[in-house]
Amino acid sequence: KYRAEVERCQSLVGAPLYTKLKLIENIFGDKEDAERGRGNLQETLDVWIGAWREALLEKNKIAATKGWSEKSLASLTNKDIAGTIDSFMTTKNLLKRNIHPRLLVESAIIPL
């Protein structure tokens, strides 16, 4: 499950908006159980933050995680990666408020 989530996160980079929206469709859970859906989304964001941390380490040759392709990393700067991590962390914090989860995630993935 973890590996599949990392792959989903990586596939968001550079994808057209309609593809990004399709990729995130099932992370929000059942509409009837919003609390559990928010919990699942928190876990997903934790995985995405970890994946982007690995990208930053790999990009700077601090670690060779073999999770990110050279092609996807080539188009990203350290600032892009750090900004994405910050965006996902902000999204996690905003989930604690009464803000629609789908809108939060969509706004976080659009710049990818």
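The second largest pocket holds about 220 Å³ of space. This is a predicted model, in which local features need pLDDT of at least 70, side-chain atom pairs count only at pLDDT 80 or more, and totals for chains, interfaces and linings use all residues. Residues are numbered from 1 along each chain as its sequence is written, and side-chain values use heavy atoms, with hydrogens and water left out.

**Pocket**
- A pocket is an open set of points on a 1 Å grid over the protein atoms alone, where a 1.4 Å probe fits, with protein on both sides within 12 Å along at least five of seven lines; lining residues have an atom within 4 Å of a point.
- Grid points are joined across faces, edges and corners, and the volume is the space filled by probe spheres set on the points.
- Lining residues of the second largest pocket include Lys1, Tyr2, Glu5, Arg8, Asn40 and Glu43.
- Helix H1 (2-11) and helix H3 (34-59) each give two or more residues to this lining, and H3 gives the most, with four; helices are DSSP runs (H or I, at least four residues), numbered from the N terminus.

**Ile49**
- Ile49 is found in helix H3.
- Ile49 counts as buried because its relative accessibility is 16% (buried means under 20% relative accessible area, with a 1.4 Å probe and protein chains only).
- Leaving aside residues up to four places away in sequence, Ile49 touches Ile85, Phe88, Met89 and Lys92 (contact means heavy atoms within 4.5 Å).

Methods
Buried means under 20% relative accessible area, exposed over 50%, partly exposed in between (1.4 Å probe, protein chains only).
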